[in-house]
Structures are given as structure tokens and as C-alpha cells.
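Subject: Structure handover and notes

Dear colleague,

Please find the structure below, followed by my notes on what was found in it. I would be grateful if you read the two side by side.

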Amino acid sequence: QRIQQTEFMLSAPTFRLCPADEGLEVAFAGRSNAGKSSAINALTNQRQLARSSKTPGRTQMINFFSIETPETRLVDLPGYGYAAVPLEMKKEWQVELEEYLVSRGSLAGLVLLTDIRHPLKFFDEQMLHWAQDGELPVHILLTKADKLKYGAAKNALLNTRKQLKKLGLSCSIQLFSALRKEGIDELAGVMGRWYEY
Ligand code: GDP
């Protein structure tokens with residue numbers, strides 16, 4: 001059940017300017033450089049739909065795309081983790097982000113991306129706890145799985161599962177490689193269930 005139709009809707013600098021809280025949306029989040037843009041492009045089979053921002057500290061946008069229907073959206077959240085972003089901006093952004101995850105009615109699920117070579121970092125765990133507070137289902141992608149041999153990739157998957165269990169978090173998790181186009185069907189399946197189409 002691959003995604004056939006994707007369209008750019010709008011970019012919003014803050015959640016206050018995002019589309020009306022109707023229909024269903026799935027948000028993509030992760031540290032900068034986690035492979036989020038590559039994953040969105042692979043998922044939607046587009047070369048340049050999502051662009052990675054390589055400029056630390058630049059005001060980043062929340063990008064909305066329609067997926068299959070105008071009522072089902074993909075939300076590309078700004079990558080986090082750049083130390084160069086001023087602390088106050090970070091704080092303000094975090095308050096908004098938490099509110100979005102906890103109270104956005106149309107938000108049906110969160111896809112959290114993390115580089116398979118690095119375990120979940122502090123802010124990833126923070127995101128997972130907010131999602132849990134909002135009773136939001138989470139699906140984790142261990143990205144760039146092609147960087148590891150199969151056995152090592154499987155180990156990373158098991159270790160991350162253990163880490164999640166220890167944190168008291170329940171989420172689904174999979175290996176993903178945008179480079180090798182691996183894991184796309186599994187991801188599309190999860191999103192299809194969230195979108196209910
Ligand atoms: P973003 O900042 O999270 O949007 O990350 P990007 O999608 O821009 O990817 C960051 C870097 O990782 C880029 O140099 C990509 O080429 C690389 N990358 C992304 N996905 C993969 C993948 O599946 N395999 C490999 N080997 N590299 C990847």
C-alpha cells in the first residue's frame with residue numbers, strides 16, 4: 001500500500017499558523033541529520049519534497065503535505081538538536097511542540113526517526129514522553145540501517161526495544177534505509193492504519 005499522491009500544502013513558522021485541526025495528520029520528528037527528509041522523500045517517492053535544513057539556528061518551518069487526500073496530512077517537524085539554536089528560542093519552541101503533541105486532535109501518530117548508530121538521545125526520550133502524555137501512538141524508524149551489517153542492525157533494534165521498555169514506553173519500531181529503499185512498505189502500512197484509508 002505505497003503512497004500514490006502527495007502534495008505540498010504549506011509551511012508554518014509556528015503551530016499557531018498551521019492548518020485547521022481537522023482530518024488526520026501524522027507527524028515526522030527527529031534530530032537534525034537523522035535522515036528525516038530522505039525518509040519522507042523515499043516514502044512519497046519524490047526526489048525533493050522534503051529538504052533538509054543544513055543551517056544551524058536558522059528559523060525552521062513546519063511543513064505540511066497532503067497524503068492521498070486533502071484530509072490526510074504529513075507534518076514534517078523541524079529537526080532538533082542543534083546546539084547553536086539560542087536557548088530561549090529552544091524553550092519557546094519546546095512549549096509549542098509539547099502542546100502540539102499533547103492536544104492536537106487531528107494528530108493520529110508520531111513517526112520518530114533516529115540514526116541506527118546512535119541510541120535514543122535525551123530529546124528523543126522527551127518527545128516520546130510527551131507523545132505518551134497525549135496518548136499518541138509512536139512508530140520509531142531506525143534510519144540509515146544500510147550503515148550496519150544485518151546482524152548489527154538487528155541488535156540495534158533489540159537494544160532500542162530494551163531501552164524503550166526500561167523507559168516504560170510502548171512504541172512500534174522498525175529498520176529503515178532511504179538509500180536502499182528498505183522499510184517503506186512497513187512504514188506506509190503503519191501510516192495507513194493511522195489514516196484509516
Ligand atoms: P534530516 O536532517 O533529518 O532531514 O536528514 P537528511 O535526510 O538530510 O539526511 C542526513 C544525511 O544522512 C544526508 O547526508 C543523507 O544523505 C544521509 N542519509 C539519509 N538517509 C540515509 C540512508 O538511508 N542511508 C545512508 N547511508 N545515508 C542516509
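Two strands are taken to pair if DSSP finds at least two bridges between them, and helices (H or I, at least four residues) and strands (E, at least two) are DSSP runs, numbered from the N terminus. This is a predicted model, in which local features need pLDDT of at least 70 and side-chain atom pairs count only at pLDDT 80 or more, whereas totals for chains, interfaces and linings use all residues. Residues are numbered from 1 along each chain as its sequence is written.

The sheet

Seven strands form an open sheet with mixed pairing, in the order β1-β3-β4-β2-β5-β6-β7. Because β1 (6-12) and β7 stand at the edges with a single partner strand each, one side of each is left without a neighbour in the sheet. From one strand to the next, the twist averages 25°.

Strand β6 covers residues 138-143 and is mostly covered, with six of its six residues buried; a residue is buried if 20 or more other C-beta atoms lie within 10 Å of its own, exposed if 12 or fewer, and partly exposed in between, with C-beta atoms placed from the backbone. Val 138, Ile 140 and Leu 142 point one way from β6, while His 139, Leu 141 and Thr 143 point the other way, and all are buried.

On one strand pairing, β5 (residues 107-115) runs parallel to β6 over six bridges, and Thr 114 has Leu 142 of β6 as its bridge partner. On another, four bridges join β6 to β7 (residues 172-175), again in the parallel sense. There, Leu 142 has Leu 175 of β7 as its bridge partner, and His 139 stands opposite Ser 172 in β7.

β5, helix α3 (residues 122-133) and β6 make a right-handed β-α-β unit, where right-handed is used if, with the strands pointing away from the viewer, the path from the first strand over the helix to the second runs clockwise. β6, helix α4 (residues 150-166) and β7 also make a right-handed β-α-β unit. Helix α4 lies across β6 and β7 and runs at about 165° to β7; axes here are lines fitted to C-alpha atoms, for helices over the stretch in contact, and angles run from 0 to 180 degrees between N-to-C directions.

Single residues to look at

Ile 140, in strand β6, is buried, with 24 other C-beta atoms within 10 Å. Leaving aside residues up to four places away in sequence, Ile 140 touches Leu 112, Thr 114, Cys 171 and Ile 173, contact being counted if the C-beta atoms of two residues, placed from the backbone, lie within 7 Å. Ile 140 and Leu 49 are 91 residues apart in sequence and 21 Å apart in space, C-alpha to C-alpha.

Leu 120 is found in the loop between β5 and α3 and counts as partly exposed, with 19 C-beta neighbours inside 10 Å. Again leaving aside residues up to four places away in sequence, Leu 120 touches Thr 114, Glu 125, Thr 160 and Gln 163. The C-alpha atoms of Leu 120 and Leu 164 are separated by 8.9 Å, although these residues are 44 apart along the chain.

Most residues other than glycine have a negative phi. Asn 33, in the loop between β2 (24-30) and α1, has a positive phi of about 80° although it is not a glycine, and with 16 C-beta neighbours inside 10 Å it counts as partly exposed. Lys 144, in the loop between β6 and α4, has a positive phi of about 60° and is likewise not a glycine; Lys 144 is buried, with 25 other C-beta atoms within 10 Å.

The ligand

Which residues come nearest to the ligand? Of the 17 residues around the ligand, these are Lys 36, Ser 37, Ser 38, Ser 52 and Leu 179, where a residue is near a molecule or strand if its C-beta atom, placed from the backbone, lies within 6 Å of it. Helix α1 (residues 36-44) gives the largest share of this shell, three residues.

With kind regards
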